[in-house]
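Here is a short tour of a protein chain, written for someone new to reading structures. Have the sequence and the 3D view open side by side, and look up each residue as we go.

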Amino acid sequence: MVEMLKLTAGVALFLLGTGLLGESLEGRCSRFLIRQLLGSPRRGFVTGLLATAAVQSSSAVTVLLGTLGRPLAESFPVIMGANVGSTATAWLVWAGLSLPGIAVLLPAGLLAAVLIYLLKGWKGPAGLCLLLTGMEAMTSAAGGLGESGALREVLLLAESPLRGVALGAATTAVLQSSGAAIGILQALCAAGQLRGGAVGPILMGQNIGTCATALLASLAGGREARAVALAHLGFNLVGTAVCLPVWLLVQGQFAAMMPLGIALVHTGFNLLTCGVFWAAGAAGRKSEVRN
């Protein structure tokens, strides 16, 4: 019970930290997104990547994109970039967990960041420290949760690839944050609670689950907003359909998985999916030229 409360507190701190970190740059990224969107597909891709990495939320970028009312052909490269940019959180968590003595330094850093926020109103430093503190709490709690029968039953579901996808999608849709869901996954793997082969399907499901926010927001929007939300969902569904068979072929190589491995797999999934769509687009343009 204590470990579950600690995990819940860690998730709350993680979500608050990512929110503050994103808010510190959200206004700037919104203007950047609008200014750069009308460029080439490559520029749109880079714009989506940078904006999402800055605000720590592909959902926020996708919702903003839907409000601009641009044609889907212009918006889709930004969606692809946003999916790649969403992997920044996993890399940030890995870097934080890899820093020597991070658990000792975090309390002092958190106190300093909160004071800076109260005195200067700077959200970025406070958000970063909250994010890392929450991740440290989740990792610490994950070790003790190994004795929980309920957790073992949930993790047994992940042994089936399709159930793993469903589990990842459901947890991310509930948390409304793929960053937090992946952070929990990294914490469980760091504590040795999850078999490495189960990680891939859960990650793919988490990419699907993160589309829930944009889908809900699009219900109150226009046709363009719904098109963007559905394209975001389609991107991750196609990526899962392509990458899941590949993962099943190679999963035997991953008896265990650490936070760095999760960041690599998450990035690889999104880059491979982008490659599929770029190749399909190039093939379509060649077909049009021939006709």
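Let's begin with a cysteine: Cys-243 is buried because its relative accessible area is 6%, where buried means under 20% relative accessible area, exposed over 50% and partly exposed in between (1.4 Å probe, protein chains only). This is a predicted model, in which local features need pLDDT of at least 70, side-chain atom pairs count only at pLDDT 80 or more, and totals for chains, interfaces and linings use all residues. Residues are numbered from 1 along each chain as its sequence is written, and side-chain values use heavy atoms, with hydrogens and water left out.

**The whole chain**
- The chain has 14 helices and zero strands; helices (H or I, at least four residues) and strands (E, at least two) are DSSP runs, numbered from the N terminus.
- Of the 291 residues in the chain, 45% are buried.
- The chain exposes about 13,700 Å², and carbon and sulfur atoms supply 69% of that area; accessible areas come from the Shrake-Rupley method with a 1.4 Å probe, and for residues only the protein chains shown count as cover.
- Take the contacts (heavy atoms within 4.5 Å) between residues at least 6 apart in sequence: 82% of them join residues at least 24 apart.

**Cysteines**
- Cys-189 counts as buried because its relative accessibility is 3%.
- How many disulfides does a search of the whole structure find? The search finds zero, a disulfide being a pair of cysteine sulfur atoms within 2.5 Å.
- As background, a disulfide is a covalent bond between the sulfur atoms of two cysteines.

**Nonpolar cores**
- A nonpolar core is a set of buried Ala, Val, Leu, Ile, Met, Phe, Trp, Tyr and Cys residues joined through side-chain atoms within 4.5 Å.
- The largest core holds 25 residues, and those touching the most other members are Leu-185, Leu-194, Val-199, Leu-203, Met-257 and Ile-262.
- Two or more residues of this core come from each of helix H9 (161–175), helix H10 (178–190), H11, helix H13 (223–250) and helix H14 (259–290).
- H11 gives the largest share of this core, five residues.
- Apart from that core lies another, of 14 residues, including Phe-45, Ala-51, Val-84 and Cys-274.
- Not counting residues up to four places away in sequence, Leu-185 touches Leu-194, Val-199, Ile-202, Leu-203, Gln-206 and Ile-262.

**Covered places**
- Helix H11 (residues 199–209) is mostly covered, with eleven of its eleven residues buried; among them are Gly-200, Pro-201, Met-204 and Asn-207.
- Asn-270 sits in helix H14. Is Asn-270 buried or exposed? Asn-270 counts as buried because its relative accessibility is 0%.
- Leaving aside neighbours within four places in sequence, Asn-270 is in contact with Asn-83, Val-84, Thr-87, Asn-207, Phe-235 and Asn-236.

**On the surface**
- Leu-111, Val-114, Leu-115, Leu-118 and Leu-119 form a nonpolar surface patch, with about 520 Å² of accessible area together.
- Patches are made of residues with over 30% relative accessible area and no salt bridge, with like charges joined within 9 Å and nonpolar side chains (Val, Leu, Ile, Met, Phe, Trp, Tyr) within 5 Å; a salt bridge is a side-chain nitrogen of Lys or Arg within 4 Å of a carboxyl oxygen of Asp or Glu.
- Leu-119 lies in helix H6 (residues 102–120) and counts as exposed because its relative accessibility is 72%.
- Ala-73, in helix H4 (residues 72–85), is exposed because its relative accessible area is 68%.
- Ala-73 and Pro-41 are 32 residues apart in sequence and 8.7 Å apart in space, C-alpha to C-alpha.
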